[in-house]
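Visitor: I would like to go through this model with a few plain questions.
Guide: Go ahead; here it is.

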Amino acid sequence: MDFTEHPLYQWLSRLRRELHAHPEMAMAETWTTQKIKDTLAGLGLAPEERPGLATGLTCLLQGRPGPKTLALRADIDALPIAEQNEVPYKSQNQGVMHACGHDCHTAIMLGVAKTVVESGLREKMTGQLRFIFQPAEERLLGARAVIAAGGLEDPPVTRILAGHVDSDQPVGGVGISLGPSHASSDGFSLIIHGRGGHGARPYKTIDPIPAGIHFYNAAQTIVTRNLDAQQAAVLSVCQFQAGTAANVVPDQALLRGTVRSLNMDARDLILKRLRAIADSLPAAFGVRVDFSINEGVPGNINEEAAAHGLVEAAAKVLGRDNVSLIPARMSSEDFALYSQRVSGAFMRLGCANPKRGITHITHSPRFDVDESVLPLGVAIFTQAVQDYLC
């Protein structure tokens, strides 16, 4: 099927490009939220009242009375990236860009709402359909805010689905993981306090840099020497800042990094070892340390029934040959906080088109999509609604 010929294609493309041109950072998505409200209002729909949810919104479509409530989630925030694409819909907000496709996700779910309302599918549903337009996914804060605001309640959500455009796959293909789909994500920060002084007289100082180097080197052995090689985990020290001059021993060093894992026991072990290494530095180097772990989100696990439901929906739309079962990735998603509570599944929608040069990965200042992915996503999620609620 040529999805550029889909009746919704032009509507979706215009909407996505307008969203792309007006990106907003996490918890500041005010223009985006209003655009979503206006689009829903044009469909005769209105957001649910969610006190405490400053940006983003939820919207409930009531079918015939029934026990099931399907939620479809779209993330709406952008990234602090200056766009380098010279396109008519280039970001108008300097230094902010939809470099992760959240403009696409928002347009797709609004397209599903439009299809369900205008096709008569709403009248055929037994149960409820809730749309969650979630803020702050990039900071792993938005799902918590939606949950705290009751976004999975009244009526209680029984299944939740989401998707993400994927530049590793060509448009027209989708990938779904059966089981783990994303790694957990936690951050850590280490401030090492020493005593600064002249670089020519280091014996008069307490140099924090050797302590930082020791921490870095020891941290690199945690995964390789404490975990089975078949367990997927990543530990990366991504910041190491110390000093302001070539002849001055600094009085402080800062190290920050991230931990990713597909296994909760491995996650706990890595964080425990990191703390132990940090705690060993005062005795070994005479420094003082402030070590903290910034708890992020657990790994996402696609629930079996929900995942198979997505596979079947995608196969009906695309044909089974275009639906791949894919392994988990070490990226993280706060969608995991939803799927911890209710049956959930997450799908990757191919958006690359090498013939048109659309191959840049997410979080790149050159990221873009083949917009055929938009009606494709609408068709799959609409099929999932029909399969679950009709």
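Visitor: Is α3 mostly covered or mostly exposed, and how many of its residues are buried?
Guide: The model is a predicted one. A residue counts as buried when its relative accessible area is under 20%. By that cut-off α3 is mostly covered, and of its 17 residues the number buried is 15.

Visitor: What distance separates the end C-alpha atoms of helix α3?
Guide: Helix α3 takes in residues 102-118, which makes 17 residues.

Visitor: Which glycine follows α3?
Guide: The residue has a positive phi, near 85°. It is glycine 120.

Visitor: How many helices and strands does the protein chain have, and what is its radius of gyration?
Guide: The protein chain has 10 helices and 15 strands. For 390 residues the globule rule gives 21 Å, and the chain's value is close to that, so the chain is as compact as a globular protein of that length. Its radius of gyration is 23 Å.

Visitor: What share of the contacts with a separation of 6 or more joins residues 24 or more positions apart?
Guide: Contact here means heavy atoms within 4.5 Å. Among contacts in the protein chain with a separation of 6 or more, the share from residues 24 or more positions apart is 82%.

Visitor: How far apart are the centres of the positive and negative side chains?
Guide: The protein chain carries 36 positive and 40 negative side chains. The centres of these two sets are separated by 3 Å.

Methods
Residues numbered from 1 in each chain as written. Predicted model: local features only at pLDDT ≥ 70, side-chain atom pairs only at ≥ 80, totals over all residues. Heavy atoms only, no water. Helix = DSSP H or I, 4+ residues; strand = E, 2+ residues; numbered from the N terminus. Rg over C-alpha atoms; globule rule 2.2 N^0.38 Å. Lys, Arg positive; Asp, Glu negative; His and termini not counted. Charge placed at Lys NZ, Arg CZ, Asp CG, Glu CD. Expected span 1.5 Å × (residues − 1). Buried < 20%, exposed > 50% of the residue type's maximum accessible area, 1.4 Å probe, protein only.
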